[in-house]
Amino acid sequence: VTGSDWEREFADYVSARSRLLCTTAYLLCGDWHRAEDHAQTALLKLYLAWRRIDRRESVDAYARRVLVRTVLDERRRPWRREHAAAELPDLPGPPDRADERMDLLAALARLPGRQRAAVVLRYWSGLGIAETAAILGVTEGTVKSSSSKGLAALREALQDSRTSGPAAEGRAR
Amino acid sequence: MTYDDDAVLVRTRLEDVAGHAPGVGFTPAEVIRRGRRRRAVRRGAVAGGAVVAVALAIGVPATLLRTSAPDRITTITADAPTPTGSPAPSSPASTTPAGVGADGLPVPGPIPGVPAAEARSIARDCGQAYGGDIGHVNPTPDPGETSGPLVRDAVRVYNVVRDAAGMHALLYGPGVQLSCDVAGNRFSSGGQSGDDVAMPYLLPGAVSIDNDSGGATTAGAHYAVVEGRVAPGVVRVDVRLAGERILAAAVNGTYIARFVGATPESSAPPSRVTAYDAAGRVVGTAQPQTGCYTDPGGRVVIHDRAGDRNCRPATPWH
């Protein structure tokens with residue numbers, strides 16, 4: 001694809017950020033294939049809006065907001081018919097900790113959407129409370145409570161999985 | 001463990017998952033190609049939508065707008081097997097929109113059992129729960145470059161059902177459709193905005209399925225919901241789902257059929273939707289994502305998942 005200057009600028013952005021967006025979506029939805037779909041949807045919307053985003057520093061915020069919205073919209077409809085049912089993630093990598101990673105994804109999937117998004121945005125994306133609140137369209141107080149509840153629920157789930165989950169079973173074997 | 005300990009643990013685990021994620025399977029060039037196609041389709045569709053909106057605004061009857069698509073309702077009827085039975089006479093009375101707004105969409109009239117003030121409140125809160133802006137589908141000179149109004153300010157409630165699972169509202173705005181569950185003062189909205197260039201100006205025939213999904217309320221009640229829009233003249237819609245049947249009255253050019261107790265397993269077969277006119281005649285049927293349709297300019301704006309062949313002209317909503 002050869003295009004105008006702004007399209008080349010957009011292509012550079014996609015090259016630099018597509019993995020980050022896919023990974024964020026992956027943590028939010030738990031399935032890499034769907035994560036790629038969500039990231040492409042977000043990037044498509046970003047492409048359409050690219051020339052009206054004046055400040056470059058706001059591009060990441062815009063992309064994150066669209067991405068989170070896209071994922072949460074789908075999550076509100078867990079069995080919307082035109083979407084494939086969620087599949088267990090098929091992760092490459094060394095087998096020693098693969099079960100632990102699956103435990104985390106499963107624990108994340110059990111969180112309500114807003115809690116999951118708050119945890120991922122704050123502790124994976126490294127965003128502050130105010131920025132997370134802006135992306136989720138909620139108050140800073142809601143972000144604080146969602147983060148706190150999400151962390152507590154994850155801690156509990158991960159502790160449980162150490163004794164009864166797939167990782168524990170794997171270790172027992 | 002303290003909050004900070006939890007945060008460190010979770011951050012470490014998140015980074016571990018992220019570090020082992022697969023590679024990205026698409027390229028910047030692919031995104032740009034899709035974006036270019038979307039911009040081209042969008043401009044055409046917006047122009048088509050604007051034609052419909054302007055024609056309605058100056059009072060051109062819907063029947064005249066359909067002259068480029070003769071007998072589309074008849075054609076659909078001929079293709080579709082007539083379901084057994086007819087609408088029950090006891091099902092609620094249908095209502096029609098109060099007119100057409102400046103945005104080209106029907107202005108919803110009264111919703112049975114929902115005072116106007118409550119409908120406005122539901123629209124605001126459901127729109128707020130969805131968030132975001134409408135963006136590019138508005139008929140603006142350069143739709144790809146212009147952000148639209150906030151969803152919460154642009155959507156209107158067209159239909160509401162109250163049942164054992166609570167309240168469910170169906171909302172539309174320019175370029176947006178929302179399905180909203182209301183439990184007390186909690187609002188949960190899902191929907192579509194920006195991706196469907198025909199939404200909600202054009203219909204695939206006499207009846208559309210805009211949402212065919214399900215879930216559970218905050219109280220844990222499972223449900224399936226099938227809902228969408230109908231063409232003028234449709235007064236009742238028969239929705240069948242896994243042996244269950246709901247006869248829904250057309251309200252403001254829309255219908256909602258919510259099956260309380262349905263789960264993904266119990267409602268696996270695709271829903272079937274049949275639209276009736278006031279005389280009880282079948283005027284159209286719909287199944288999810290079947291058939292392709294064109295706007296008044298001849299561009300395909302509603303796609304068939306199996307491929308766009310032998311597309312028919314779409315029907316103006318109202």
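Figure 1. A cavity here is a set of points, on a 1 Å grid over the protein atoms alone, where a 1.4 Å probe fits but cannot get out, and lining residues have an atom within 4 Å of a point. The structure holds 3 cavities of 30 Å³ or more. Helix 1 (5–29) and helix 3 (59–75) of chain A each give at least two residues to the lining, and helix 1 of chain A brings the largest share, 5 residues. Helices are DSSP runs of H or I with at least four residues, strands are runs of E with at least two, and both are numbered from the N terminus. Sorted by class, the lining has 3 nonpolar, 1 polar and 3 charged residues; Ala, Val, Leu, Ile, Met, Phe, Trp, Tyr, Cys and Pro count as nonpolar, Asp, Glu, Lys and Arg as charged, and the others, Gly among them, as polar.

A word on conventions: residues are numbered from 1 along each chain as its sequence is written, and chains are lettered from A and ligands numbered from 1 in the order in which they are written. As this is a predicted model, local features need pLDDT of at least 70 and side-chain atom pairs count only at pLDDT 80 or more, while totals for chains, interfaces and linings use all residues; side-chain values use heavy atoms, with hydrogens and water left out.

Figure 2. Chain A has 8 helices and 0 strands, and 52% of its 173 residues are buried. Buried means under 20% relative accessible area, exposed over 50%, and partly exposed in between (1.4 Å probe, protein chains only). Helix 5 (residues 113–123) of chain A has 9 of its 11 residues buried, so it is largely enclosed by the rest of the structure. Those buried residues are A:Q115, A:R116, A:A117, A:A118, A:V119, A:V120, A:L121, A:R122 and A:Y123. In helix 6 (residues 129–136) of chain A, the buried ones are A:T132, A:A133, A:I135 and A:L136. Looking down the axis of helix 6 of chain A, its buried residues fall within an arc of 165°, so they line one face of the helix; that arc is taken from the directions from the helix axis to the C-beta atoms. Just past the end of helix 6 of chain A comes A:G137, with a positive phi of about 70°.

Figure 3. Strand 4 (residues 166–173) of chain B is mostly covered, with 7 of its 8 residues buried. It runs antiparallel to strand 3 (residues 156–163) of chain B, joined by 7 bridges; two strands pair if DSSP finds at least two bridges between them. Along that pairing, B:V160 sits opposite B:A169, and the hairpin of strands 3 and 4 of chain B has 2 residues between them. Strand 5 (residues 176–183) of chain B is also antiparallel to strand 4 of chain B, again with 7 bridges, and here B:G173 faces B:V176. This second hairpin has 2 residues between its strands, and B:G175 in the turn has a positive phi of about 80°.

**Figure 4. An open four-stranded sheet in chain B.** The 4 strands come in the order 11-10-13-14 with antiparallel pairing. Strand 11 (244–249) and strand 14 (282–286) of chain B stand at the edges with a single partner strand each, so one side of each is left without a neighbour in the sheet. Neighbouring strands of this sheet are turned by 20° against each other on average, direction ignored, using axes that are lines fitted to C-alpha atoms.

**Figure 5. Two asparagines of chain B with positive phi.** B:N252 has a phi near 55° and sits in the loop between strand 11 and strand 12 (254–260) of chain B. B:N310 also has a phi near 55°, in the loop between strand 16 (300–302) and strand 17 (312–313) of chain B. Which of the two states, buried or exposed, applies to B:N252? At 0% relative accessibility, B:N252 counts as buried, whereas B:N310 is exposed, with a relative accessible area of 76%.

Methods. Axes are lines fitted to C-alpha atoms, for helices over the stretch in contact, and angles run from 0 to 180 degrees between N-to-C directions. On a 1 Å grid over the protein atoms alone, a cavity is a set of points where a 1.4 Å probe fits but cannot get out, and a pocket is an open set with protein on both sides within 12 Å along at least five of seven lines; lining residues have an atom within 4 Å of a point. Grid points are joined across faces, edges and corners, and a volume is the space filled by probe spheres set on the points.
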